[in-house]
Amino acid sequence: MTAKISIRGVTKDFSVRDHDEPFTALHDIHLDVRTGEFLTLVGPSGCGKSTLLDLLAGLTAPTHGEILLDGVPIEGPGLDRGIVFQQYALFPWRTALANVEFGLEAKDTKKRERRERARHFLDLVGLSGFAERYPHELSGGMRQRVAIARSLAFDPDVLLMDEPFAALDAQTRETLQEELLRIWEKTQKTVVFITHGIDEAVYLGQRVAVMTSRPGRIKHVLDVEFEAREGDLRADARFGDYRHVVWTLLRDEVAAARQEAPVG
Amino acid sequence: MHLLKGLRRVAAITLLAVVWEVLPRTGVVDRTFLPPLSEVLTALANLAATGELLDHTQASLGRSLAGFGLAIALAIPLGLLIGWYRPLADFLNPLLELFRNTATLALLPVFVLLLGLGETSKIAIILYAAAWPILLNTIAGVRGVDPLLIKSARSLGLPAHRLFQKVILPASVPTIFTGIRLAGAYSMLVLVAAEMVGAKAGLGYLINYAQFNFRVHDMYAGIITISVLGLLFNVLLASLERRFSTWRATS
């Protein structure tokens, strides 16, 4: 498989007020994401996961190094990537349907086609009956479904997800994880999924990239292979093994992160 | 529950009416200066019958709405501009702080000096008073837009002007409307004071002129009219505000 995203020697420094020394969030990151792959990224809190996502989204630029998308350096945000945020980021004055249409408006899609596509993707996330509801009339899980539909609707190649299920209760989270896998298989998107949950990372990812504590680096990339991705994956003996490997990799980093004063 | 609440509200006003009727009649207060409510209402009816009240009300509403409308037309675009361009906000902020803390009516003589005693100065002072809450709320509205929504829209590669149109503007509408509602109240409050200086018509003029000529009943009739007018205006704007901010219900 070819690399969809290629992160090459990326370092990100931030200047901090009242400090001469810049704050290094990410240090010399190397990572390739294959076309159509589901890659999860785990790391202790404050390791720069979200910074990496901002870089992939083109919302900020790396201090050193470069990120290639289909071999071309990322120079800004674009509709070839869709982001799903932890806090949904739905527009509260728009209905579910109008929220899903948002990205299509940015793409200057005609109104009729916009409606149609938006309905199709609301349907895909199981919210056909809620098109005219406003975000405040929906539960957290439903809001995140709308957000996912919104990101899929304008048909990006890459889906960037920043701890999208972290704010949901355990049951809703599991349901949405399953559905996300279903949608991924159906749409063939390349997914970069950030999480701090080990179970989630192992359950969703074909590969799990483990990050170090600040400054964030890629510590290890683990291939996760199951015979079949059906049934109760979490009960699979190999799930436990993978989980343990990631846990061991993370343990030292979490300890290291605790030593530091929490920044960012 | 609603009925009870409604009754209680009516009860307080009824109480006021009764006290207003009884105190002058029993001689607790001098009825020369505070005639019983029933007499005031009779005077009000007379003023209404002669058409005098309508003339004054029209004059007042005309000024008030002109100032209020101009304030909306000027303050919203200006507020959007100041809220959006940080350097402009930083530059203007000391000035805004200075003027918002200056009592509007302290400037009335200045307006009269510069613009004369006619309509211009009256509408101008109403415009000035009404512009502040709209301006400040618009700035606050633009500044207060959830950064995540901006980030989300920006990640789609939306250019600045469309970001403004599709995110900043709709997100600030409820806050701007709060400013408009406040401005409505201000425009009525300042109106009376403006009409007390060099006016020949208007409810403020009526109140002032009646007091001058010892038509105490007419004075109170004018006061009642203006307070009812203010109340109606506020109810109207509040319901408009609610309509435009339904989505803010629980966020």
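In the predicted model, helix α4 (residues 86–100) of chain B packs against helix α6 (residues 119–143) of chain B at an angle of about 145°, with the two axes 13 Å apart. Axes are lines fitted to C-alpha atoms, for helices over the stretch in contact, and angles between N-to-C directions run from 0 to 180 degrees. Helices (H or I, at least four residues) and strands (E, at least two) are DSSP runs numbered from the N terminus. The crossing of α4(B) past α6(B) is left-handed; this term applies if the near helix is turned anticlockwise from the far one by less than a right angle, and right-handed applies if clockwise. On the α4(B) side, the contact (heavy atoms within 4.5 Å) involves R86(B), A89(B), L96(B), F99(B) and R100(B), and on the α6(B) side Y128(B), W132(B), L135(B), L136(B), I139(B) and R143(B). These residues comprise 8 nonpolar, no polar and 3 charged, where Ala, Val, Leu, Ile, Met, Phe, Trp, Tyr, Cys and Pro count as nonpolar, Asp, Glu, Lys and Arg as charged, and the others, Gly among them, as polar.

This is a predicted model, in which local features need pLDDT of at least 70 and side-chain atom pairs count only at pLDDT 80 or more, while totals for chains, interfaces and linings use all residues. Residues are numbered from 1 along each chain as its sequence is written, chains are lettered from A and ligands numbered from 1 in the order in which they are written, and side-chain values use heavy atoms, with hydrogens and water left out.

Chain B as a whole has 10 helices and 0 strands, and its C-alpha atoms fill a box of roughly 75 × 55 × 30 Å along the principal axes. The contact includes F177(B) and L191(B) of α8(B) together with F233(B) and L237(B) of α10(B). By class, it has 14 nonpolar, 5 polar and 2 charged residues.

In chain A, helix α4 (residues 140–153) and helix α5 (residues 170–187) pack at about 15°, with axes 11 Å apart, so α4(A) is roughly parallel to α5(A). Their contact has 3 nonpolar, 5 polar and 2 charged residues.

Between the chains, 19 residues from chain B and 24 residues from chain A are in contact. The buried area is about 1900 Å², with carbon and sulfur atoms giving 70%; this is the accessible area (1.4 Å probe) that two parts lose on being put together, summed over both. S155(B), L156(B) and W247(B) supply 33% of the area that chain B buries against chain A, more than any other three residues. The chains share 3 salt bridges, each a side-chain nitrogen of Lys or Arg within 4 Å of a carboxyl oxygen of Asp or Glu. E105(A) and K166(B) form a salt bridge at 2.6 Å, N to O.

Key:
Angles under 35 degrees count as roughly parallel, over 145 as roughly antiparallel, 65 to 115 as roughly perpendicular and the rest as oblique.
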